[in-house]
Amino acid sequence: MSPVEPNHIYQYSLVNALMAGVSESGITTTQLLTKGNLGLGTFVRMDGELLLLDDKVYQLQSHGKIREAAAHDQIPYAVCTQFVPEHTLSVNLAHKDAVDRVLQDVNPDAENLFMAYRITGTFSHARCRTVKGQEYAGQPLAELGQSQFVAEYKDVEGTVVGFRSPRAWQGFFVAGEHLHFISDDRTFGGHVLELTAEQEVKFEVATVADVHIELPRTKTFNAAKMETDDMGLKSVEG
Ligand SMILES: [Zn+2]
């Protein structure tokens with residue numbers, strides 16, 4: 001592991017590139033693991049959701065299955081950090097929006113900064129989706145959102161990895177909350193659509209003011225017509 005600064009964000013590519021369907025190649029699992037210990041993203045052809053936790057990269061596949069990513073698997077989009085919690089709280093979460101309120105309480109002066117967090121415990125309800133993967137090269141993410149696999153889980157033990165990005169960064173990142181879930185037994189998970197924790201869960205947070213973005217140098221990336229589709233992004237990544 002190279003010496004990465006704690007609580008800096010490293011991101012590869014842009015959400016707008018995924019929206020434009022650019023996902024045929026990227027950095028490898030091994031490379032991503034040198035950039036941090038907590039993260040999320042996707043795989044080549046947007047085949048499922050990525051979750052980086054405890055120095056392992058997981059592929060949350062459609063139908064809720066999970067595999068550990070191979071060293072040479074390519075990652076066309078990921079955001080991660082070398083997470084060192086600055087605050088640890090015990091909280092209930094009435095719904096997914098409650099996450100935002102917790103972050104607001106922890107740091108009311110971070111509206112235009114990033115926040116990284118990890119939530120562990122028993123979740124009374126989690127609604128997760130996994131993208132099924134492109135049916136043809138260049139298929140835009142917004143189109144994939146229409147055929148995603150969605151599952152409901154009750155009373156599940158697991159971990160949520162999340163990032164909050166400022167509104168003005170929509171399209172570079174996912175503006176607002178972006179959360180992925182994995183079960184403790186590593187058998188299911190996905191991109192979190194809804195979340196409730198009736199019992200208290202452990203909520204660890206860090207504020208991020210340093211962001212490094214690496215852009216793909218590929219022809220496909222440079223040929224893509226990228227623009228920020230706020231409505232489309234909210235419908236697929238909300
Ligand atoms: Zn996601």
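# Close-up views of side-chain contacts

**View 1. Arginine 129 is buried, at 0% relative accessibility.** The model shown is predicted. Glutamate 49 is buried too, with a relative accessible area of 3%. These side chains form a salt bridge: the closest N and O atoms of glutamate 49 and arginine 129 are 2.8 Å apart.

**View 2. Aspartate 54 and arginine 186 meet in a salt bridge between their side chains, at 3.9 Å from N to O.** Aspartate 54 sits in the loop between β4 and β5 (56-60), and arginine 186 in the loop between β12 (176-183) and β13 (189-208), so this pair ties together parts 132 residues apart in sequence. Aspartate 54 has 51% relative accessibility and therefore counts as exposed, since the cut-off for exposed is over 50%. Arginine 186, at 23%, counts as partly exposed.

**View 3. A salt bridge joins the side chains of arginine 127 and glutamate 152, with an N to O distance of 2.5 Å.** Arginine 127 is in strand β10 and glutamate 152 in strand β11 (residues 149-165), so the pair ties together parts 25 residues apart in sequence. Arginine 127 is partly exposed, with a relative accessible area of 27%. Glutamate 152 is also partly exposed, at 42%. Elsewhere, salt bridges with shared partners join Glu49, Arg129 and Glu237 into one network. The structure holds 10 salt bridges.

**View 4. The structure holds 8 aromatic pairs, and one of them is tyrosine 153 with phenylalanine 188.** Their ring centres lie 4.3 Å apart and their planes meet at 25°, so the pair is stacked. Tyrosine 153 is in strand β11, and phenylalanine 188 is in the loop between β12 and β13. The pair links distant parts of the chain, 35 residues apart. Tyrosine 153 is buried, with a relative accessible area of 13%. Phenylalanine 188 is buried at 18%. Phenylalanine 188 also pairs with phenylalanine 181: the centres are 6.3 Å apart, the planes are at 35°, and the pair is tilted. Phenylalanine 181 is buried as well.

**View 5. Phe114, Trp169, Phe172 and Phe173 make up one aromatic cluster.** A further ring contact involves a charge. The charged end of lysine 35 sits over the ring of tyrosine 10, at 4.8 Å from the ring centre.

Methods:
Residues are numbered from 1 along each chain as its sequence is written. This is a predicted model: local features need pLDDT of at least 70, side-chain atom pairs count only at pLDDT 80 or more; totals for chains, interfaces and linings use all residues. Side-chain values use heavy atoms; hydrogens and water are left out. A salt bridge is a side-chain nitrogen of Lys or Arg within 4 Å of a carboxyl oxygen of Asp or Glu. Buried means under 20% relative accessible area, exposed over 50%, partly exposed in between (1.4 Å probe, protein chains only). Helices (H or I, at least four residues) and strands (E, at least two) are DSSP runs, numbered from the N terminus. Rings of Phe, Tyr and Trp (its six-membered ring) pair if their centres lie within 6.5 Å; planes under 30 degrees apart count as stacked, over 60 as edge-to-face and the rest as tilted. A charge sits over a ring if NZ of Lys or CZ of Arg is within 6 Å of the ring centre and within 35 degrees of the ring normal.
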